[in-house]
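Here is a quick tour of one chain, residue by residue and then as a whole. Keep the viewer open as you read.

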Amino acid sequence: MDKKLITKHRELYEDMLFNDVIPFWMKHSPDREHGGYLHMIGRDGSHYGTDKFAWPHGREVWVFSALCDEVEKRDEWLDMAKLGWDFIVKHFINDEGRVWWSVDREGKPLSIPRRIFSETFVIMAAVRYARVTGDQQAADIARSMFKKVLELIDTPAAGSQKGIPGARDMITMAIPMIMMNVTREMMLLEGETPELLAYSDQCIETFLTKHVHPERKLAFENVAPDGSLMLDQPEGRHLIPGHAIEGAWFIMQEGMARNDQSLIDKACDLTLWELDFGWDKEFGGITYFMDSEGGAAMPLESDMKLWWCHNEALIALIHSLYLKGGKEFDDWYRIVHEYTFGLFPDKEHGEWFGYFHRDGRLALPFKASTWKCCFHLPRHLLVGWNLLKKIENGE
């Protein structure tokens, strides 16, 4: 990539992260009255609800702790991290050591845990918060909850809320994918222990040998336990290109940490495959859900364009440029960057819109909800900014 363009984009990421996105969350998210964060935020920062959710809390604590860990320990960032972490400890972690899915504004539990993902984001938050504060309780929570999640993964409840055990054996890509990321975060706390490396190996193997099918150049969300395809059912044909690409850059990180070029190559190939298949040739952008056989994907929002898929694709492409380079990655980076930065940023009120119709019409104007929160976008900008600096400096 042209050096001037690298510098331009590095400056763009820096400005958007530190002068737009992070200030938006610092202004509109904190609940100074009851603690924690508010996450039903309208376009202009107004609040349309006050219930609180585990995923956004864990993710936002991770973001502000990661900023302290990777940029500098600013008092205002530490304050934001502490606000969310204290609320998690007081209200989200229940007597069984699991995490409520949602609570009301004051912290009263409203709904039970949803699979294992509430716990995984609390683990990530606990690790980074412990690193930047030295909080021993946070470190202990990370360790105990990681152990509990490993136990839960072996139960039917980990993979499905509704499936009857044994009725249709199927494994989901979401679990090995998120656990690659969580295990790498745990290594920041514990070091690259044999146990953590072995579990990471298991996740990578499951992802690459069961869900990724090179003969199809696709990653399938749901497969039989032995990795065979289940194409007679919509679940078995289900694809989420943005999800697969997110998993790809997790594997790139593992390849970097282990100096394993074969992992990097496989992850870079997967990124290209998913973009080739998932890119909307008519309107541009990454299609949200797809059917592997070209049929209609079942979820009603399938053809929408979501912010996070594009955040993850740009992280993967910047990693690919840093680790391998080459015209294919350069071309795709330019295409995805132009589409993403041309559509999602809200130039009037700051931060990004999250949901567009296939043709680029805005579908939902809010800035935060149960799902859209302070995570994919700031993580994209932080990771991308750090990598673009390395490319710019020839590191």
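Asparagine 181 sits in helix H7 (residues 174–190); helices here are DSSP runs of H or I with at least four residues, strands are runs of E with at least two, and both are numbered from the N terminus. With a relative accessible area of 6%, asparagine 181 is buried. For that scale, buried means under 20% relative accessible area, exposed means over 50%, and partly exposed is in between, using a 1.4 Å probe and protein chains only. Setting aside neighbours within four places in sequence, asparagine 181 is in contact with Met124, Phe250 and Arg379, where contact means heavy atoms within 4.5 Å. Aspartate 2 is 179 residues away along the chain from asparagine 181, and their C-alpha atoms are separated by 31 Å.

A word on the model before going on: it is predicted, so to speak of local features a pLDDT of at least 70 is needed, side-chain atom pairs count only at pLDDT 80 or more, and totals for chains, interfaces and linings use all residues. Residues are numbered from 1 along each chain as its sequence is written, and side-chain values use heavy atoms, with hydrogens and water left out.

Now for some loop residues. Tryptophan 100 is in the loop between helix H3 (75–92) and S4, and at 23% relative accessibility it counts as partly exposed. Leaving out neighbours within four places in sequence, its contacts include His91, Phe92, Pro109 and Ser111. Phenylalanine 53 is 47 residues from tryptophan 100 along the chain, with 8.1 Å between the C-alpha atoms.

Serine 46 lies in the loop between strand S1 (40–41) and strand S2 (47–49). Not counting residues up to four places away in sequence, serine 46 touches Met40 and Ile41. From serine 46 to isoleucine 6 it is 40 residues in sequence and 36 Å in space, C-alpha to C-alpha.

Most residues other than glycine have a negative phi. Lysine 217, though not a glycine, has a positive phi of about 55°; its place is the loop between strand S7 (212–213) and strand S8 (218–219). Asparagine 259 also isn't a glycine, and its phi is positive, near 55°. You'll find asparagine 259 in the loop between helix H9 (241–258) and helix H10 (261–278).

Here is how the loop residues come out on accessibility:

| Residue | Relative accessible area | Class |
|---|---|---|
| Tryptophan 100 | 23% | partly exposed |
| Serine 46 | 40% | partly exposed |
| Lysine 217 | 48% | partly exposed |
| Asparagine 259 | 72% | exposed |

On to the sheets. Strands of a sheet pair through backbone hydrogen bonds, either parallel or antiparallel. Two strands are taken to pair if DSSP finds at least two bridges between them. Strand S4 (residues 102–103) pairs with S5 in the antiparallel sense over two bridges, and valine 103 has proline 109 in S5 as its bridge partner. Proline 109 is also one of the contacts of tryptophan 100.

Another open sheet runs S12-S13-S14, again three strands with antiparallel pairing. Strand S12 (305–306) and strand S14 (362–364) are the edges, each pairing on one side only. S12 and strand S13 (residues 355–356) run antiparallel and are joined by two bridges. Which residue in S13 stands opposite leucine 306? That would be tyrosine 355.

Finally, step back to the whole chain. There are 13 helices and 14 strands in it. The radius of gyration is 20 Å, close to the 21 Å from the globule rule for 395 residues, so the chain is as compact as a globular protein of that length. That radius is taken over C-alpha atoms, and the rule is 2.2 Å times the number of residues to the power 0.38. Along its principal axes the C-alpha trace spans about 55 × 50 × 40 Å. Of the 395 residues, 57% count as buried. Among contacts between residues at least 6 apart in sequence, 65% join residues at least 24 apart.
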